[in-house]
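The sequence and structure come first.

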Amino acid sequence: MSRAFLVVMDSVGIGGAPDADSYFNDTRPDTGADTLGHIVDACAAGQAEDGRSGPLHLPNLAKLGLFHAADLASGAHRSAMIAEPVNARWGAATEQSKGKDTPSGHWELAGLPVPWDWHYFPDTQPAFPADLIAKVCDIAGVDGTLANCHGSGTVMLDRFGAEHVRTGQPICYTSADSVFQIAAHEEHFGLDRLLDLCERIAPTLHAMKVGRVIARPFVGEEGSYQRTANRHDYAITLPEPILTNWAQDAGRAVHAIGKIGDIFTMEGIDTVAKGPDDVLMEQLFAAVDTMADGSLTFANFVEFDSLYGHRRNVSGYARHLEWFDAQIGRLLPLMRAGDLLLITADHGNDPTWTGTDHTRERVPVLVAGCGAGQIGQVGFADVAASIAAHLNIPAQGPGRSFL
């Protein structure tokens, strides 16, 4: 039986979302946002020289059709000097769900457009209702919280980390996504205590249709606080079966790499591997080497988004793209006959854009292992239907296979 490997480059959008004008960073609409395209432009202009140099170099992703997909998404004509894709199919996917966040993108890629409108907290201070903060305080056994606003995680640590260590009050913040995030020091507050707090407050947030409660542990001293890899997402329960359920119900092994297990609350997932992206890449190589015939491996590489997109770090994002490209070049020759590798993204996060939040964009769909040529414009849910078709398992939902 064939195997399938679904790999999400978290936030590597390619512009062109038809409804981008309805989504905002600060007060600026996302019209014209183009994560990949603007990184290409910045590199070409010598504006991404920190730790790398020159034009963006992605030979392996180019051969899979990345720049052709970008042309299809936004009409940017960036593929003119790129070789035609080799043994790959390529297209651009448009999201149906009303969101530009992790759950919306991943749910729909897995076959389930979000069936409701998420709850978003206002960009005011305070951002959270008093009864919610009171419940957090009661669970944590503290007399108050810090922040209570929109903000970037690293900024929150710089602003409130020392006060948190001094007072023991957790740092509660949100963003333009449907999230409630709690940051706390692993040693001074306690990692287990933070995870318990997030797990116990999560049902209250989920009842409000807030997509995720995220534990954001950190370590270090004032002036040098650093997030750790012990982040945990408490996501709202999926209301219907998704690709991982379809595969598991058909008796197939399902392996998650990265935060996939958290996003889907382990629905339909047998095993999971976590860690930073370099560790996750080794886990993907291990899966290609060991996963059984008929299996599904679903991976997310988050550092495009978490380390570089939100921080508006163009050089860092370009470096990570080039690192990922090199790894894919190593991975492709190891695929078995009959394997399918599908590389996509869940939203954009243009590091040249205003603000610090995701950007509404189309995403690439690059498929190795099933011939060559253009797929065309497809929907996110078509990804799940196509994976199911390759694995010869029943699919549900609105998606249609493009294989």
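Which element gives the largest share of the lining of the largest cavity? That share comes from β8, with 3 residues. The model is a predicted one, and the values below are computed from it.

**Cavity and pocket**

The structure holds 2 cavities of 30 Å³ or more. The space in the largest cavity comes to about 250 Å³. Its lining is made up of 23 residues, and Q181, R216, R227, D305 and H310 are the ones nearest the centre. Two or more lining residues are given by each of α6, β7 (179-185), β8 and α11. By class, the lining of the largest cavity consists of 3 nonpolar, 11 polar and 9 charged residues.

The largest pocket has a volume of about 620 Å³. Around the centre of this pocket, T228, A229, V302, E303 and S306 lie nearest, out of 25 lining residues. Elements that supply two or more residues to the pocket lining are α6 (153-167), β8 (212-219), β9 (226-227) and α11 (303-309). The pocket lining divides into 8 nonpolar, 7 polar and 10 charged residues.

**Helix packing**

A pair of packed helices is described by the angle between the axes and the distance between them. Two such pairs are tabulated here.

| Helix pair | Angle | Axis distance |
|---|---|---|
| α10 (277-290) and α12 (314-331) | about 15° | 11 Å |
| α4 (102-109) and α13 (380-391) | roughly 40° | within 6 Å |

For α10 and α12, the angle of about 15° is why the two helices count as roughly parallel, since angles under 35 degrees fall in that class. The crossing of α10 past α12 is right-handed. On the α10 side the contact involves D277, D278, M281, E282, L284, F285 and V288, which meet H320, W323, F324, Q327, R330 and L331 of α12. Sorted by class, this contact contains 7 nonpolar, 2 polar and 4 charged residues.

For α4 and α13, the axes cross at roughly 40°, so α4 is oblique to α13. G105, E108 and L109 of α4 make the contact with F380, A381, V383 and A384 of α13. The contact of α4 with α13 has 5 nonpolar residues, along with 1 polar and 1 charged.

How values were computed: Residues numbered from 1 in each chain as written. Predicted model: local features only at pLDDT ≥ 70, side-chain atom pairs only at ≥ 80, totals over all residues. Heavy atoms only, no water. Axes fitted to C-alpha atoms, helices over the stretch in contact; angles between N-to-C directions. Helix = DSSP H or I, 4+ residues; strand = E, 2+ residues; numbered from the N terminus. Parallel < 35°, antiparallel > 145°, perpendicular 65-115°, else oblique. Left-handed = near helix turned anticlockwise from the far one by under 90°. Contact = heavy atoms within 4.5 Å. Nonpolar A, V, L, I, M, F, W, Y, C, P; charged D, E, K, R; others polar. 1 Å grid on protein atoms, 1.4 Å probe; cavity = no way out; pocket = protein on both sides within 12 Å on 5 of 7 lines; lining within 4 Å. Points joined across faces, edges and corners; volume = space filled by probe spheres on them.
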